[in-house]
Amino acid sequence: MKKLLLLFASSTLVLTAFSQVNPLAYNQNKNDNSFIVENHSFGLKTGWMRTLGFGFSGFYEFSLADRWTLYNEIYLSSDTYFPFRKDFDKLPLTPGINIEPRWYFNIQKRSNKDKWTANNASNFLSFRLNYHHRNGVMTPFHEDKVLYSGNSYEFNALLMFGMRRNLTKHIFFEGSVGLGIQYIKEEGVSFPMQENIYPSAQLDLRFGINWAK
């Protein structure tokens, strides 16, 4: 975990150093295009996601209307229960999927002010549908404090607010926060199947590399 934190901090400094470029040199002229947002874009991200996990992802985003896109993402993230683990250097990476209609509500306003809007660099609202599978369910609040093995199937539906800003022509920073509901189905070798619904919150703070057309 210390190595991951050091890598993340180093990457932040490097990306900030390379961010001193002229944004208008890369801004796109959307006047002859029915889509204000990018028609198609894809790339990679890394950073903090799902509030407590550090992860990596690949994404593909395509336009639905002048300010609307459908964002699709497959990721691997560290277990969000890591505060209850003793071995911080062997955190499992668990898979998940995000499907997210996005509304970039101020992209035209930023473009009119000659701000850097390439790669959909603006603020957005979205409805995130998230599926996350965890192999190795942990029960940190069990009375004997034993972590049991099993599987967890987690579904989240959240309203998100986020922002994306370019650092270079292809490198960007994106942060988002959202609230919603979470449905969890857990089954393990040491406890019966259980299903629960909880309030849900997610926070993402990530850097990415993007290609658009």
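Is F172 buried or exposed in this structure? F172 is buried, with a relative accessible area of 0%, where buried stands for under 20% relative accessible area, exposed for over 50%, and partly exposed for values in between (1.4 Å probe, protein chains only). The model is predicted, so local features need pLDDT of at least 70 and side-chain atom pairs count only at pLDDT 80 or more, while totals for chains, interfaces and linings use all residues. Residues are numbered from 1 along each chain as its sequence is written, and side-chain values use heavy atoms, with hydrogens and water left out.

The structure holds 13 aromatic pairs. Rings of Phe, Tyr and Trp (its six-membered ring) pair if their centres lie within 6.5 Å, and planes under 30 degrees apart are called stacked, those over 60 edge-to-face and the rest tilted. The pair of F59 and F172 is edge-to-face, because the ring centres are 6.2 Å apart and the planes stand at 80°. F59 lies in strand β2 (residues 53–63) and F172 in strand β7 (residues 171–188), so this pair ties together parts that are 113 residues apart in sequence. Strands (E, at least two residues) and helices (H or I, at least four) are DSSP runs, numbered from the N terminus. F59 is buried, at 5% relative accessibility. Charged side chains were also found at both of these rings. The charged end of K45 sits over the ring of F59, 5.4 Å from its centre, and R164 lies over the face of F172, at 4.6 Å from the ring centre. A charge sits over a ring if NZ of Lys or CZ of Arg is within 6 Å of the ring centre and within 35 degrees of the ring normal.

A second aromatic pair, W68 and W103, is stacked, with 6.1 Å centre to centre and 15° between the planes. W68 is in strand β3 (residues 68–78) and W103 in strand β4 (residues 93–103), 35 residues apart, and the pair links distant parts of the chain. Both residues are partly exposed, W68 with a relative accessible area of 38% and W103 with one of 33%. Ring pairs link W68, W103, F105 and F161 into a cluster. L203, in strand β8, is partly exposed at 33% relative accessibility.

Strand β4 has two faces. The covered face holds T94, G96, N98, E100 and R102, and the uncovered one L93, P95, I97, I99, P101 and W103. Strands β3 and β4 run antiparallel and are joined by 11 bridges, two strands being paired if DSSP finds at least two bridges between them. The bridge partner of Y75 in β4 is G96. β4 also pairs with strand β5 (residues 123–135) in the antiparallel sense, over six bridges, and the partner of I97 in β5 is Y131.

The count of salt bridges comes to 11, a salt bridge being a side-chain nitrogen of Lys or Arg within 4 Å of a carboxyl oxygen of Asp or Glu. R102, on the covered face of β4, forms a salt bridge with E174, the closest N and O atoms being 2.9 Å apart. E174 lies in strand β7 and R102 in strand β4, so the pair ties together parts that are 72 residues apart in sequence. Both E174 and R102 are buried. D204 and R206, likewise both buried, form a salt bridge with closest N and O atoms 3.4 Å apart. A network of salt bridges links K45, E61, E73, E100, R102, R128, R164, E174, D204 and R206.

Backbone angles were examined last. Most residues other than glycine have a negative phi. R50, which is not a glycine, has a positive phi of about 55°; R50 lies in the loop between β1 (40–49) and β2 and is buried at 7% relative accessibility. N120 has a positive phi near 60°; N120 lies in the loop between α2 (107–112) and β5 and is buried, with a relative accessible area of 1%.
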